Amino acid sequence: MLWPSPPWDGITYWALDLETGGLDVKSDPILAVGMVPIRAGAIRLGEAYATLVRPAATEGIRPDSMRAHHLVPHDVREAPPLEEVLREVDRRLGEGALLVHNAAVDVRFLRRAYRSAGMRWPGPPVVDTVALLLKAARRARFVDPDAPEIEPELNLAAARRRVHLPEYGTHDALMDAVSAAELFLVLRRRLAAKTLRDLR
């Protein structure tokens, strides 16, 4: 039996983005976290949370990551440690759903971080804008079989271009969280999603 799903705008979504020292989930550190909530269908910039994260002494930053987000070891040397940052993340995730662009990366980094900090993963509902973009494309092809097939768009800026959202700077954790939140609202409307279940 399926339990009733709450209305899509009846819960809080915390849009989250991470900047990392590389793309290896097993070894690369989280360097920055940006979060912004969507409450009652509106992005609440005044409640945003953003911080750098001090990596462990044994963790480095890969040169290709430095080129992307321009964070170097000196930038994060005095940042709060991961455990302190995760307490803030955890408090927010306890409120509702986690919203990310490309859950395959961000959620895996978060889960590993929780494990390494000895914290229990809270298991929030996860909404992934990559999956929503694919769902919207499949729906368009159902209505119009001649509509072009699309591949999963893992690049957030390119995903925003597909739905005609403006260009923002990239590789800043808070700006990317806001970008994902805006993308989510556009895709929710295109899908006419009425409940949280419709978004998963």
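Me: Which residues of H4 are buried?

Reply: Ala-103, Asp-106, Val-107, Phe-109, Leu-110, Arg-112, Ala-113 and Tyr-114. Buried means under 20% relative accessible area, exposed over 50% and partly exposed in between, with a 1.4 Å probe and protein chains only. Helices (H or I, at least four residues) and strands (E, at least two) are DSSP runs numbered from the N terminus. This is a predicted model, where local features need pLDDT of at least 70, side-chain atom pairs count only at pLDDT 80 or more, and totals for chains, interfaces and linings use all residues. Residues are numbered from 1 along each chain as its sequence is written, and side-chain values use heavy atoms, leaving out hydrogens and water.

Me: What do the buried residues of H4 pack against?

Reply: They pack against S1, S2, helix H3 (82-93), S5 and strand S6 (126-128), where contact means heavy atoms within 4.5 Å.

Me: And what follows H4?

Reply: Gly-118, with a positive phi near 70°.

Me: Over to H3. Which residues are buried there?

Reply: Leu-82, Val-85, Leu-86, Val-89, Arg-92 and Leu-93. They fall within an arc of 120° seen down the helix axis, so they line one face of H3. The arc is that of the directions from the helix axis to the C-beta atoms.

Me: Which residues are exposed on the other side of H3?

Reply: Arg-87 and Arg-91.

Me: What do the buried ones in H3 pack against?

Reply: S1, S2, strand S4 (49-52), S5 and H4.
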